[in-house]
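Here are my notes on the model you sent over. Have it open while you read, and go point by point.

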Amino acid sequence: MSLLEEVQFNEYRRRIEQAYYLTLVDILMGVPLEEIEQEIYVYEDAEMYEYCAGIVKALEFSEDRKYSEIQKEVLNLKQKYE
């Protein structure tokens with residue numbers, strides 16, 4: 001992998017993780033899951049697939065987790081993204 005490819009991959013991965021974090025925050029704030037799922041289609045239409053991946057990752061993570069477990073995950077990521 002060239003340096004340019006590595007930089008682009010790191011940026012892609014950063015966007016996924018940022019979307020993951022922000023989606024978890026939305027879930028904690030009580031945003032309806034249907035509304036979050038609709039965001040996937042918006043990003044998909046804009047060909048911003050890294051954001052789709054982050055949203056899906058957050059939805060899958062939170063699917064069988066308790067509120068406190070999601071909150072712990074958000075706190076672990078908070079320093080990185082705020």
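1. A word on terms before anything else: helices (H or I, at least four residues) and strands (E, at least two) are DSSP runs, numbered from the N terminus. Helix H2 itself covers residues 33-45, so 13 residues by the DSSP assignment. From first C-alpha to last, H2 reaches 19 Å, close to the 18 Å expected at 1.5 Å a residue (the expected span is 1.5 Å times one less than the number of residues).

2. Some ground rules. This is a predicted model, where local features need pLDDT of at least 70 and side-chain atom pairs count only at pLDDT 80 or more, while totals for chains, interfaces and linings use all residues. Residues are numbered from 1 along each chain as its sequence is written, and side-chain values use heavy atoms, with hydrogens and water left out.

3. How confident is the predictor in the protein? The mean pLDDT (the predictor's confidence in each residue, from 0 to 100) is 90, and 91% of the residues reach 70 or more. Confidence is lowest in H1, with a mean of 86, and highest in helix H3 (residues 49-62), at 96. Where pLDDT is low, the predicted coordinates should not be read in detail.

4. The overall picture: the protein has 4 helices and 0 strands, running α-α-α-α from the N terminus on. Its C-alpha trace spans about 40 × 30 × 20 Å along the principal axes. Of the 82 residues, 29% count as buried; buried means under 20% relative accessible area, exposed over 50%, and partly exposed in between (1.4 Å probe, protein chains only). Taking contacts (heavy atoms within 4.5 Å) with a separation of 6 or more, 67% are between residues 24 or more positions apart.

5. Now H1, residues 3-28. Which residues does threonine 23 touch, not counting those up to four places away in sequence? They are Ile36, Ile55 and Ala58. Threonine 23 counts as buried because its relative accessibility is 4%.

6. Isoleucine 16 is buried, with a relative accessible area of 15%, and touches Glu50, Ala53 and Gly54 once residues up to four places away are set aside. Its C-alpha is 8.6 Å from that of lysine 57, which is 41 residues away along the chain. Is glutamate 17 buried or exposed? At 18% relative accessibility, glutamate 17 counts as buried. Leaving aside neighbours within four places, glutamate 17 is in contact with Lys57 and Tyr81.

7. That Tyr81 belongs to H4, where the buried residues are Ile70, Val74, Leu77 and Tyr81. H4 (residues 67-81) has 15 residues and reaches 20 Å from first C-alpha to last, close to the 21 Å expected. There is a kink of about 25° in H4, centred on leucine 75; the bend at a residue is the angle between axes fitted to the seven residues ending there and the seven starting there.

8. Finally, glutamate 69, also in H4. It counts as partly exposed because its relative accessibility is 36%. A polar atom of the glutamate 69 side chain lies 2.8 Å from the backbone nitrogen of lysine 66. Beyond neighbours within four places in sequence, glutamate 69 is in contact with Phe61 and Asp64.

Technical notes: Polar contact = N/O pair within 3.5 Å; in protein donor to acceptor, adjacent residues only side chain to side chain.
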